[in-house]
Amino acid sequence: MAARYTLILGTKEWSSWSLRPYVALRAVGAPFAEDVIALRRHSTSEEVLKRTPAGRVPVLKIEENGKSTIVWDSLAICETLAERHPEARLWPDDSAVRAQARSYAAEMHSGFSDVRDQLSMDFARTLPSPELRDNTKAQIARILTAWSEALGKYGKDGGFLFGHFSVVDCMYAPVVSRFKTYGIEVPPSVKTYMERIFALPAMQDWGKAAKAEVEAGLA
Ligand SMILES: N[C@@H](CCC(=O)N[C@@H](CS)C(=O)NCC(=O)O)C(=O)O
């Protein structure tokens, strides 16, 4: 019997980390349930801790053969999905290219703290850019260089960072949203890439849900 997946997420308007495995799961095409926890509430940490001792979302619950497993951390979830669904080709086939792709994903996962801090994800909103610190500007420049290089080298066949849609696109999807929200200037090739990401049904659906949260006063 197929595994039952439940993705435990934070408020979609804000939860940049949750967006990554969401777009990965949608790319895999397996059905999944959602359990959305309201962030920035008194109850948030208690609710998250009920589901994972790590105290952070996202979490993927996998129920299979009478057993239930949880996977926490956005990159660990993307890795797990890539391994369980090789047909989705969430990592490039070629091992040297895959090593590059892993480097891009890891660079995002462990870095760009000023971008995260100053340009926090607010998916359905358009906001004025704050006065950017030098570190933030340098990190934006690095992201734009990395994207342009990947698109130039690997993007031709498919238009995503490594051509075919991959974990790297999942890891950077929240940055695509941040750049749009705050009107960050990007070169034309990156603009086209951002439009391609926004056109994904997964991003469209996430956007509708985020807008509904904003309209309901939940975010
Ligand atoms: N490294 C983690 C970071 C996850 C993280 O920081 N999640 C935030 C929400 S986006 C969280 O769970 N916050 C819990 C809280 O605010 O109590 C990952 O990539 O999954």
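In this predicted model, the shell of residues around the ligand is made up of 5 nonpolar, 7 polar and 2 charged residues. Altogether, 14 residues surround the ligand, and the closest of these are Ser15, Trp17, Ser45, Arg56 and Ser74. Two helices stand out as contributors: helix H1 (16-28) and helix H2 (44-51) each supply at least two residues of this shell.

The domain assignment of the protein chain places residues 4-87 in domain 1 and residues 90-202 in domain 2. The centres of domain 1 and domain 2, taken over C-alpha atoms, are separated by 21 Å. Across the boundary, 15 residues of domain 1 are in contact with 16 residues of domain 2. On the side of domain 1 that touches domain 2, the elements giving two or more residues are H1 and helix H3 (74-84). The most comes from H1, with 8 residues. By class, this side of domain 1 has 10 nonpolar, 1 polar and 4 charged residues.

Tyr5 is found in strand E1 (residues 4-10). With 20 other C-beta atoms within 10 Å, Tyr5 counts as buried, because 20 or more is the cut-off. Leaving aside residues up to four places away in sequence, Tyr5 touches Leu25, Ala30, Phe32, Leu60 and Ile62. Tyr5 and His85 are 80 residues apart in sequence, while their C-alpha atoms are 13 Å apart in space.

Helix H3 has a buried side of its own. Its buried residues are Ser74, Leu75, Ile77, Cys78, Leu81 and Ala82. These cover an arc of only 160° around the axis, which puts them on the same side of H3. The cover over the buried residues of H3 includes H1, strand E3 (59-64), strand E4 (67-72), H4 and H7. Ser74 is also one of the closest residues to the ligand.

Buried in H6 are Thr136, Gln139, Ile140, Ile143, Trp147, Ala150, Leu151 and Tyr154. Seen down the axis of H6, these residues fall within an arc of 105°, so they line one face of the helix. An α-helix has 3.6 residues a turn, so residues three or four places apart point the same way. The buried residues of H6 pack against helix H4 (95-110), helix H5 (113-118), helix H7 (167-181) and helix H8 (188-199). The face of H6 turned away from its buried side carries the exposed residues Asp134, Ala141, Thr145 and Gly152.

Finally, helix H9 (residues 201-215) has 15 residues, which should span 21 Å at 1.5 Å a residue; its end C-alpha atoms are 21 Å apart, in agreement. The buried residues of H9 are Met203, Trp206 and Ala210. Viewed down the axis of H9, they fall within an arc of 65° and so line one face of the helix. Their packing partners are H1, H7 and H8. Exposed residues Pro201, Gln204, Lys208 and Glu215 sit on the face of H9 turned away from its buried side. Just after H9, Gly217 takes a positive phi of about 75°.

Technical notes. Residues numbered from 1 in each chain as written. Predicted model: local features only at pLDDT ≥ 70, side-chain atom pairs only at ≥ 80, totals over all residues. Buried ≥ 20, exposed ≤ 12 C-beta atoms within 10 Å, placed from the backbone. Helix = DSSP H or I, 4+ residues; strand = E, 2+ residues; numbered from the N terminus. Arc of directions from axis to C-beta. Contact = placed C-beta atoms within 7 Å. Near = placed C-beta within 6 Å. Nonpolar A, V, L, I, M, F, W, Y, C, P; charged D, E, K, R; others polar. Domains from an automatic or database assignment. Expected span 1.5 Å × (residues − 1).
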